[in-house]
Amino acid sequence: MESNLFTKMAADQYENIFFCYHQPSGLKAVIVIHSTVLGPAGGGVRMFPYRSEEAAIEDALRLARAMTFKFAAAGLNVGGGKTVIIGDPKTEKSEALFRVLGKFINRLGGLYYAGEDVGTTPEDMSYLAMETPYVANPPEGSLAPLTAFGVLCGMKACARELFGSAELEGRTVAVQGCGSVGQALIELLSREGARLIVADVDEAKVKKAAERYGARPVAPDAIFSEEVDIFSPCALGGVLNEKTVPALRCKIVAGSANNQLAENRNGDLLYQRGILYAPDFVINAGGAIYGVTRCINGETDLERIKQRVAGIGQAITEIINISKKENIPTYQAAERFAGKRLETARLVRGLL
Ligand code: NAD
């Protein structure tokens, strides 16, 4: 089979791909470092039963690149990386698997910091931490509540732009995915007085959201076409695609999922349809900001960390302004916004 990995690396300026294999523990993982221009790379460890090795590598590449832009847009001096483990998180996890991965990460000597992601938990991160200091695992627990808080701040910035007020009281929000972030977001939105519509492939999670927060459940394939103010994708990537974008009946898309646009042209279509899209890597940076400021920069004041996460609202407003000024879709404006910091870092580095 012909491999085009180096072509892909060249096209988007990737630095490294590390393949990690350990037969006794069953570990098959890929660590991608997209860029260390801003500093050592950071990014979560995703565990997923990928249908092929190619699909796993592809996911790691896309996610690592998004991390570079996420940290750049968040104003942090951290580069972009990601780990994917090929395996089913429900049946194939073990202490040994994560400790072995920890040893591989340790070999990189600080080039890459790991963290929690889809399919992994703070407990899994604690196994990594037995073997390496290069893991961001806040002692207070999961990153998801701060990710949800950042999404809320970004949503409010979008609401201020479109409705003239950041108030979400009485606004209808459709949340796709009631997992760690989705659930935390549903709670925050319910406190704001928003009307909630929810969907998840896991019926128990939907039931919980309905019972606790009075959310109206709909089928997973019906959530896209609900008439709402805000659609909030908090499940998996690729959700904004040829099929879903024409079916949307919302004014704003603002959610936590990574890589929401299946392809850039779906971002163009959102723009043409007048739907305000809050770029994923900007609005979902709350957990990453928390992980880095708490575990790498050593900030212990949670209120200060929260204030930093709230800056996501300001970043979204700046991106909307770029989009309006340049007449470009927000996903392009976000790449420009983050790209400016990367350019500055390259320039400064060039001086040394
Ligand atoms: P999670 O696994 O806890 O939750 C995802 C939820 O989506 C699950 O409940 C799952 O059943 C549901 N789901 C899957 N397919 C679905 C479908 N087709 N329709 C409806 N629901 C579906 O993950 P999470 O940590 O809540 O993360 C959610 C998203 O946010 C992911 O894309 C993740 O990459 C992104 N993200 C998470 C964080 C974080 O702090 N956890 C940070 C940044 C980005």
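A salt bridge is taken here as a side-chain nitrogen of Lys or Arg within 4 Å of a carboxyl oxygen of Asp or Glu, and a search of the whole structure finds 24 of them. The model is predicted, so local features need pLDDT of at least 70 and side-chain atom pairs count only at pLDDT 80 or more, whereas totals for chains, interfaces and linings use all residues. Residues are numbered from 1 along each chain as its sequence is written, and side-chain values use heavy atoms, with hydrogens and water left out.

**Ligand site**

- Oxygen atoms of the ligand lie 2.8 Å from a polar backbone atom of Val181, 2.8 Å from a polar side-chain atom of Lys205 and 2.9 Å from a polar side-chain atom of Ser256.
- On its own the ligand has 830 Å² of accessible area, and the protein covers 82% of that area; accessible areas come from the Shrake-Rupley method with a 1.4 Å probe, and for residues only the protein chains shown count as cover.

**Salt bridges**

- Arg46 and Asp117 meet through their side chains in a salt bridge of 2.7 Å, N to O; Arg46 lies in strand β3 and Asp117 in the loop between β5 (112-116) and α4 (122-129), so the pair ties together parts that are 71 residues apart in sequence.
- Arg46 is buried, with a relative accessible area of 9%, and Asp117 is likewise buried at 16%, where buried means under 20% relative accessible area, exposed over 50%, and partly exposed in between (1.4 Å probe, protein chains only).
- Arg65 forms a salt bridge with Asp12, the closest N and O atoms being 3.3 Å apart; because Arg65 lies in helix α2 (residues 53-73) and Asp12 in the loop between α1 (5-11) and β1 (16-22), this pair ties together parts that are 53 residues apart in sequence.
- Asp12 counts as partly exposed at 32% relative accessibility.
- Arg265 pairs with Glu263 in a salt bridge whose closest N and O atoms are 3.2 Å apart, with Arg265 partly exposed at 44% and Glu263 partly exposed at 39%.
- Salt bridges that share partners join Arg46, Asp59, Lys82 and Asp117 into one network.

**Surface patch**

- Phe48, Val118 and Leu236 make a nonpolar surface patch of about 210 Å²; patches are made of residues with over 30% relative accessible area and no salt bridge, like charges being joined within 9 Å and nonpolar side chains (Val, Leu, Ile, Met, Phe, Trp, Tyr) within 5 Å.
- Phe48 lies in strand β3 (residues 41-48) and is partly exposed, with a relative accessible area of 31%.

**Backbone**

- Most residues other than glycine have a negative phi.
- Gln13, in the loop between α1 and β1, has a positive phi near 55° and counts as exposed at 54% relative accessibility.
- Asn327, in the loop between α12 (302-326) and α13 (330-351), also has a positive phi near 55° and counts as exposed at 58%.

Key: A polar contact is a pair of N or O atoms within 3.5 Å; within protein, one must be able to donate a hydrogen and the other to accept it, and residues adjacent in sequence count only if both atoms are side-chain atoms. Helices (H or I, at least four residues) and strands (E, at least two) are DSSP runs, numbered from the N terminus.
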